[in-house]
Amino acid sequence: KGAIGTIVDRASRYTILVPLESKHTEHVVDRFGKALNAFPSHLRKSITHDHGSEMTHHETLASKCGILVYFADPGCPWQRPTNENTNGLIREFFPKGSDLREVTEDQLEKVQFLLNNRPRKCLGFRTPMEVLKDKIREQKAPLF
C-alpha cells in the first residue's frame with residue numbers, strides 16, 4: 001500500500017518525508033539520496049536505519065551523500081526514538097492501514113510543514129524549522 005520514508009534530525013527534530021513508490025532498495029536509496037543531498041554537506045553526517053531490506057545498498061547511499069549509515073539492532077526501535085516518535089506523529093495524519101499510494105506530494109509537503117513548524121517542549125518550545133535555520137546560520141555540528 002505504498003510507503004513514506006522518514007528522515008528526522010535528532011538535534012532539531014526537523015523532518016523530511018520521502019514519498020516511496022516501492023521498497024526496492026535502489027528506489028529507496030535514490031529517493032533518500034536526493035532528499036539528503038538537498039542539504040549542505042555540513043548538515044549531513046550519518047543516518048541510522050532499521051534492518052529493512054530496503055537499505056541493502058546502504059553503501060551506495062553512504063558514498064552518494066558522504067555520510068555514514070548505521071543500523072539499529074533488529075527489533076530495537078528504542079535505539080531510534082526520535083524517528084519512532086515522529087512516525088507516531090505522522091500516523092495522526094495517515095493512520096495505519098491507509099493506502100499511502102493515494103497520498104500526494106502536496107499532502108506530504110503540508111504534513112512536513114506542519115511537523116517542522118510545531119513548537120516542541122524538548123526544543124524549548126522552538127520549532128524544528130527555527131532550530132534548523134539557526135544551525136545553518138551557525139554552521140555548527142552536522143545534523144544528519
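A residue counts as buried when its relative accessible area is under 20%. Leu-36 has a relative accessibility of 2%, so Leu-36 is buried. This residue lies in helix H1. The model described here is a predicted one. Leu-36 and Ile-47 are separated by 11 residues in sequence, and their C-alpha atoms are 9.8 Å apart in space. Both residues are touched by Leu-61.

The largest nonpolar core has 20 residues. Within this core, Phe-32 and Leu-61 touch the most other members. Several elements contribute. S1, S2, H1 and helix H2 (58-65) each supply at least two residues of the core. H1 gives the most, with 5 residues. Leaving out residues up to four places away in sequence, Leu-61 touches Val-29, Phe-32, Gly-33, Leu-36, Ile-47, Met-55, Gly-66, Ile-67 and Val-69. A second core is separate and has 9 residues. Among them are Leu-17, Phe-94, Leu-100 and Val-111.

Aromatic rings were examined next. A pair of aromatic rings is described by the distance between the centres and the angle between the planes. The search of the whole structure finds 1 aromatic pair. Tyr-14 and Phe-39 form this pair, with 5.9 Å from centre to centre and 75° between the planes. Planes over 60 degrees apart count as edge-to-face, and the pair is therefore edge-to-face. Tyr-14 sits in the loop between strand S1 (3-8) and strand S2 (15-20). Phe-39 sits in the loop between helix H1 (25-37) and strand S3 (46-49). The pair therefore ties together parts that are 25 residues apart in sequence. Both partners are buried: Tyr-14 has a relative accessible area of 8%, and Phe-39 has one of 14%.

The loop between S1 and S2 also holds Arg-13. Most residues other than glycine have a negative phi. Arg-13 is not a glycine, yet its phi is positive, at about 70°. Its relative accessibility is 21%, so Arg-13 counts as partly exposed. Phe-125 likewise has a positive phi, of about 65°, without being a glycine. This residue is in the loop between helix H4 (105-116) and helix H5 (128-138). Phe-125 has a relative accessible area of 58% and is exposed.

The largest pocket has a volume of about 1,200 Å³. Its lining is made up of 40 residues. Of these, Thr-6, Thr-48, Arg-80, Asn-83 and Asn-87 are the closest to the pocket centre. The elements that give two or more residues to the lining are S1, H1, S3 and helix H3 (81-91). H3 gives the most, with 7 residues.

The loop between H3 and H4 includes Phe-93. Phe-93 is partly exposed, at 36% relative accessibility. Beyond its neighbours within four places in sequence, Phe-93 is in contact with Val-111, Leu-114 and Leu-115. Val-111 is also a member of the second core. Phe-93 and Gly-75 are 18 residues apart in sequence, and their C-alpha atoms lie 25 Å apart in space. Gln-107 and Phe-93 are 14 residues apart in sequence, with a C-alpha to C-alpha separation of 9.6 Å.

Gln-107 belongs to helix H4. Its relative accessible area is 37%, and Gln-107 is partly exposed. Phe-113 lies in helix H4 too. With 53% relative accessibility, Phe-113 counts as exposed. Phe-113 and Gly-66 are 47 residues apart in sequence and 26 Å apart in space, from C-alpha to C-alpha. Gly-66 is one of the residues touched by Leu-61.

Note on methods. Residues are numbered from 1 along each chain as its sequence is written. This is a predicted model: local features need pLDDT of at least 70, side-chain atom pairs count only at pLDDT 80 or more; totals for chains, interfaces and linings use all residues. Side-chain values use heavy atoms; hydrogens and water are left out. Rings of Phe, Tyr and Trp (its six-membered ring) pair if their centres lie within 6.5 Å; planes under 30 degrees apart count as stacked, over 60 as edge-to-face and the rest as tilted. Helices (H or I, at least four residues) and strands (E, at least two) are DSSP runs, numbered from the N terminus. Buried means under 20% relative accessible area, exposed over 50%, partly exposed in between (1.4 Å probe, protein chains only). On a 1 Å grid over the protein atoms alone, a cavity is a set of points where a 1.4 Å probe fits but cannot get out, and a pocket is an open set with protein on both sides within 12 Å along at least five of seven lines; lining residues have an atom within 4 Å of a point. Grid points are joined across faces, edges and corners, and a volume is the space filled by probe spheres set on the points. A nonpolar core is a set of buried Ala, Val, Leu, Ile, Met, Phe, Trp, Tyr and Cys residues joined through side-chain atoms within 4.5 Å. Contact means heavy atoms within 4.5 Å.
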